[in-house]
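Student: Please guide me through reading some backbone and packing features of a model.

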Amino acid sequence: MTAQEATFNRQVIEALQPIHAPPTTFWSKYIWSLDHKTIGKQYLWAGLLFLLVGGTLAMMIRWQWAFPGQPVPILGPTVLRSSGGVIGPGLYMQIFTMHGLIMIFFAITPVLIGAFGNFCIPLMIGARDMAFPWLNALSFWVFALSQCLVIGAFFGDLGAAGAGWTTYPPLSTNIGTPGTGQTLMVAAVFVTGVASIMGGINYVTTVIRLRAPGMTYMRMPLTVWGQFLTAILNVLFIPVLGAGALLLLMDRLFGTQFFIAGAAAVKGGGDPILFQHLFWIFGHPEVYILILPAWGIAADLLAFFARKPAHWYKGTVLAMSAVTILSAVVYGHHMFQTGMNPMLGQGFTTLTLIISIPAEVLFLNWLRTIYKGSIRLTVPMLFALGMVFVFGLGGLTGLYLGAATPDIYLHDTMFVVGHFHFTMAAASFMASIAGLYFWYPKMFGRMMNTTLGKIHFWFSAVGITAVFTGQLLVGYAGQNRRLWNPYAYDIFKPLHGLNQWTSYFAFVLFFAQAIFIWNFLSSMYIGKKAEANPWQVGTLEWSITSPAPVHNYDAIPIVQRGPHELSNPELVRRLGRDWVGQAEVVAEEPGAARMAQGAR
Amino acid sequence: MHSLNCLALLFSGPFEPVNLLHDASEFGWKIDETITETTVFVVILFIMTVVWMLWSVFMNGPTHKAVFEDGADFKSWRWTALIAALIFIVVDGPLLVHSTEFMWGTFFDFKGAEAKPGAVRIEVNAHQWAWNARYAGPDGTFNTADDIVVLNDIVVPQGAPVIFQITSTDVIHSFKIPNLRMMVDAVPGTVTRMWFQAKETGVFEIVCSQHCGANHYKMRGTVTVLPKAEYDRWAQVTSVNATRAFDSKDMEAHWGWDWAEHSRIE
């Protein structure tokens, strides 16, 4: 691209995104804001709040496994008064169902995709806002509506949803869970799906259309790549989940029998397994929906704080894209034990194991990125390294479950629970928190406290590893998931001690999050004022003031290079620092720059 | 196959050592083998990763000058590609080969199991929250007067294939006997199958493995494995008793399906 072309492109893209006057009223500033940064923050608050709710529910499950049937401290005398302070089997199934659904759809999704997607994409590609700001605001408020439905479900007749987060019929129809809570939750998942599709369309369009001149696909930060691929998966597969949810709602409310078979079926009824196909053809991409942005954030942060370019950037991008494509054709491994035709099982086993190739490429690239670097153990870096660690554990334990034979023993055990908590919960959590510490200055204009951040990291890393390893171990020993009292079985009785220890670690992990909550809230007022570029990195968002102005860029930047041009000796010599902005024009030195370019 | 006991000991702090459940079946070792060999590789890879990470982070702190390499040239990325391919071949390869071999050769070999002399056929009908099971009795036909019908207490012989056909009345359950290394979902409207062969006598627990409602946790049954002779005696006596107690008007007790009809799932 010549300088002339770049200027022309900039004129075109500037014309697409005129600068509007900043909003002045409370309504347009905080409620119906069209600013992607505010919408990102709205998602952040909504998600963090529900993360706390989901975490509290997790603690109740852990209490139950450590001390089955005993009165719950703190929550017993307050919210569980009607049941005498104890968790009964009926309440227990509602707790784990709501924990799963809330964490996946109403906590991780809004934080990782809603908050970081909204906040980072336009800033990092050099745009002034999303492609469809109005749709963006609508997306958040539709999401907020779905969260209201979740809150409503807690107060539904006959309690909240109880059919498990997978919501398998016939249990999730009126045969098994006739309460309004279950109906409201299925509706909430449908509504949140609508919000996700709106967000997804916005993200995809923004990345395709609003990249600043010079911001080629191969110069996009990996964070943006992660969000982009996730958005594609969202747009493709959420509609399938939506279809499943709608059919299920019709079964519940209007007497259809899409998923009902057995004694309750009239004239042959339907097929419960059909729902599982609809659910998992969405559900398996969903686990990548929740991990791709995490991969992207971690990959960027590892490069930034190792002060090195991300190793084989193109390979990482290709690997992430390959995972995105493969994620659509492996879902059958969730259904090996449904009586699936062995030929089909064989195909899904093979495809599932093939997905480990791009995953390895990705992982090895991270490991090579931090090799021979100049490691700065900042809080975001610690959490990024933590993400690599927990994702390693999660990925490796996935091997067992991807093949049909070991799955016979491990299916529906706590091993599965440990595995997906390491990937979907731990890795997503680590990357989200890493991202929060990292972009906090750009979001709120102040720095978070480093000491508290490091304490938070060690509690989180040790806690998460201990808790989910505990789950893996009891699963290895055969313990089934979703048991109100696992010790009703003789074979699981010896695991009581291990479960108790896992629970102690879980309680410590949970209460240690208070450090983060304090740090997050107080830093907004007492945190050190942030400079424009506190981390000394080159991506576009750090070239503007902290916090970012409403319209992001006074002039749309013209991008010169990739996102991780760190420690380039030629540039170090000429600039006197190891980083260079993506849009920074380095004055040409006759001969030398050309030579440097030739050497690359 | 218990080479991993040392690994288990590693984790045995204040609680009992953790290991795979005792395997009382003839072919369960095949499952255990795929798990164990994967564990060996997983532990090795995990340790290597952690050592690499610790070394990279603590040997090259802020004072170290970062080496400028973006890994974009073939010389550099071919290692990544090579190692990824190597891991796939060494770790995923055996798992894929063994899993496939055992699936087709053993766990889905219903034809072979049915053909063996002394094979026992049992139909299971799950409902909230119990396991009904039915043996065809001397006439070999299900849903007749001489059927043995049991609740939560299945008796099988040692050393002969036991083939189950399973369905459910209400919601999805999952019929799992961890000690005999076999499970399959009980799905309303469908008949699923599984089989195992017990190596040892004893009483083994049936665990419902699919969340099926509030009392899911106590949908417990047992499989009692008896020596062949004892089992034959039990079957004979129980069948005679069942025929005597048969009540043609008790519609609740009438269920079962034609076995041959469902043996097409090859």
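**Backbone, sheet and core**

Student: Where is A:Ser567 found?

Tutor: A:Ser567 is found in the loop between helix 18 and helix 19 of chain A; helices (H or I, at least four residues) and strands (E, at least two) are DSSP runs, numbered from the N terminus. The model is predicted: local features need pLDDT of at least 70 and side-chain atom pairs count only at pLDDT 80 or more, whereas totals for chains, interfaces and linings use all residues. Residues are numbered from 1 along each chain as its sequence is written, with chains lettered from A and ligands numbered from 1 in the order in which they are written.

Student: What is the phi of A:Ser567?

Tutor: Most residues other than glycine have a negative phi, and most peptide bonds are trans. Here phi of A:Ser567 is near 60°, a positive value in a residue other than glycine. A:Gln536 also has a positive phi, of about 60°, although not a glycine, and A:Gln536 lies in the loop between helix 18 (496-526) and helix 19 (569-575) of chain A.

Student: How does one decide whether A:Ser567 is buried or exposed?

Tutor: A residue is buried if 20 or more other C-beta atoms, placed from the backbone, lie within 10 Å of its own, exposed if 12 or fewer, and partly exposed in between. A:Ser567 has 21 such atoms and is therefore buried, whereas A:Gln536, with 15 C-beta neighbours, counts as partly exposed.

Student: Which residues does a cis peptide bond join in chain B?

Tutor: B:Gln128 and B:Trp129 are joined by a cis peptide bond, with omega about -5°. B:Trp129 sits in the loop between strand 1 and strand 2 of chain B. In chain A, a cis bond with omega about 0° joins A:Pro169 and A:Pro170.

Student: In what order do the strands of the open sheet in chain B stand?

Tutor: Strands of a sheet pair through backbone hydrogen bonds, either parallel or antiparallel. In chain B, five strands form an open sheet in the order 3-2-1-5-8, with mixed pairing; two strands pair if DSSP finds at least two bridges between them. Strand 3 (148-151) and strand 8 stand at the edges of this sheet, each with a single partner strand, so one side of each has no neighbour in the sheet. Strand 1 (residues 120-127) and strand 5 of chain B pair in the parallel sense over seven bridges, and B:Ala126 stands opposite B:Ser168. Strand 5 and strand 8 (residues 192-197) of chain B run antiparallel, joined by six bridges, and B:Phe164 faces B:Met194 as its opposite residue.

Student: Why is strand 5 of chain B largely enclosed?

Tutor: In a regular strand the side chains alternate between the two faces of the sheet. B:Pro161, B:Ile163, B:Gln165 and B:Thr167 point one way from strand 5, B:Val162, B:Phe164, B:Ile166 and B:Ser168 point the other way, and all are buried. Eight of the eight residues of strand 5 (residues 161-168) are buried, so this strand is largely enclosed by the rest of the structure.

Student: How many residues has the largest nonpolar core?

Tutor: In soluble globular proteins, nonpolar side chains tend to be buried together. The largest nonpolar core has 267 residues, and A:Ala298, A:Met387 and A:Ala434 have the most contacts inside it; such a core is a set of buried Ala, Val, Leu, Ile, Met, Phe, Trp, Tyr and Cys residues joined through C-beta atoms within 7 Å. Helix 5 (residues 89-125) of chain A supplies the largest share of this core, 24 residues.
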